Amino acid sequence: MEGKRTDQAKLSTMHPKVICCKLYISESQNGAVVDSISRIGQKDPEVVLLSKFEDEYYNRVRYTLVSYITSESSTGEAVFSPIRKVLLAMIEAAFSAINLEVHSGTHPRIGVVDDMSFHPLSQAATMEDAAQLAKLVASDIGNGLQVPVFLYAAAHPTSKSVSAIRRELGYYRPNHKGVQWAGQVLPDTLPVKPDVGPAQVSRERGATMVGAKPFVESYNVPIFCKDLLTVRRITQRVTGRSGGFPTVQALALFHGDNCMEIACLLDPDHVGADQVQWLVEQIAEEQGLEVDKGYFTDLSKDMMLERYFEIVSAAD
């Protein structure tokens, strides 16, 4: 045990800046495609694919990758991270295997590669590190692959929020049966100029959002109800926009024939999942609705760091 701790300490000294990327791809029903992209994420020993979360109803998968980042001491600008090359290979594989025109699911999306969020994990890593890396990857996608990219949060020149961009693009409006997103949802010419890449959208690939922001936790709460408007009202009361928790963002999404989910993003420094669970249960009880126990879709920040150093030190 002592030897393992010593190895981890050496690694944290060699590469004190550790970055996480959450890559969201619009596919989960084709297991072969999801697994092939996973294998690409596991090829570089300096990059750890820590977790993967698939949802059949959302038809969406999230890959969580962690690696180090180095910076030029004189400027503080991020100059290299092995995660960049791995992400590009995973993205290219997704574009080759997935056609947005034939995709459908109950989670909103604007592209095959819907979203990428970068987060500093270690104390030495900064938000500027995450933002610089996000912009490098955005250039790879927008200029290299010719897919429109919208930057958000710390990666955006004015720190524009991802929700503001999504509202401008009509992200939250389903286009199929009132509860699903099917095929391309964006017009061929974008109503908002992307930050990187062309203004014309490929119907097969769509567009992408890339940002850098503080670490958040994903927590989903199932509600046994089919009435979208009712669950939306509950969702609104949970979020800061309607008097709930100021740092919670949430969506009401269909999740099966007789179930919906309140999909939440939590700032773990300000609100816990137990608080969100309690509030949802209280509001749902007023409506006579049953609530199931919620679940996290990923590891905590501390657990990510611990697992990362364990895996990398074991590989050396």
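Is Glu 101 buried, exposed or partly exposed? Its relative accessibility is 36%, so Glu 101 counts as partly exposed. For those terms, buried means under 20% relative accessible area, exposed means over 50%, and partly exposed is in between, with a 1.4 Å probe and protein chains only.

Some housekeeping. This is a predicted model, in which local features need pLDDT of at least 70 and side-chain atom pairs count only at pLDDT 80 or more, while totals for chains, interfaces and linings use all residues. Residues are numbered from 1 along each chain as its sequence is written, and side-chain values use heavy atoms, with hydrogens and water left out.

Back to Glu 101. It forms a salt bridge with Arg 203, and the closest N and O atoms are 3.4 Å apart. A salt bridge here is a side-chain nitrogen of Lys or Arg within 4 Å of a carboxyl oxygen of Asp or Glu. Glu 101 sits in the loop between α3 (82-97) and β6 (104-105), and Arg 203 in the loop between β9 (181-182) and β10 (208-212), so the pair ties together parts 102 residues apart in sequence. Helices (H or I, at least four residues) and strands (E, at least two) are DSSP runs, numbered from the N terminus. Arg 203 is partly exposed too, with a relative accessible area of 31%.

Asn 99 belongs to this picture, as its place is also in the loop between α3 and β6. At 31% relative accessibility, Asn 99 counts as partly exposed. Its side chain reaches the backbone nitrogen of Glu 101 at 2.9 Å. That is a polar contact: a pair of N or O atoms within 3.5 Å, where within protein one must be able to donate a hydrogen and the other to accept it, and residues adjacent in sequence count only if both atoms are side-chain atoms. Leaving aside residues up to four places away in sequence, Asn 99 touches Arg 203 and Glu 204; contact means heavy atoms within 4.5 Å. Asn 99 and Arg 203 are 104 residues apart along the chain, and their C-alpha atoms are separated by 8.2 Å.

How many salt bridges does the structure hold? There are 12. One of them joins Asp 114 to Arg 60, with the closest N and O atoms 3.0 Å apart. This pair links distant parts of the chain, strand β7 (residues 113-120) and strand β3 (residues 60-68), 54 residues apart. Asp 114 and Arg 60 are both buried.

Arg 166 forms another with Asp 115, the closest N and O atoms being 3.5 Å apart. Arg 166 lies in helix α5 (residues 162-169) and Asp 115 in strand β7, so parts 51 residues apart in sequence are tied together. Arg 166 is buried, at a relative accessible area of 12%, and Asp 115 counts as buried at 6%. Lys 22, Arg 62 and Asp 298 are linked in a network of salt bridges.

Now the nonpolar side. A nonpolar core is a set of buried Ala, Val, Leu, Ile, Met, Phe, Trp, Tyr and Cys residues joined through side-chain atoms within 4.5 Å. The largest has 43 residues, and those with the most contacts inside it include Leu 23, Leu 87 and Phe 118. Helix α3 supplies the largest share of this core, 8 residues. Leu 87 touches Cys 21, Leu 23, Leu 65, Met 116, Phe 118 and Val 137, not counting residues up to four places away in sequence. A second, separate core of 24 residues includes Val 231, Met 260, Cys 264 and Leu 279.

At the N-terminal end, Asp 227 caps α6, with a side-chain oxygen 3.1 Å from the backbone nitrogen of Leu 229.

Last, Val 221, which is found in strand β11. At 0% relative accessibility, it counts as buried. Residues that Val 221 touches include Met 260, Ile 262 and Val 280.
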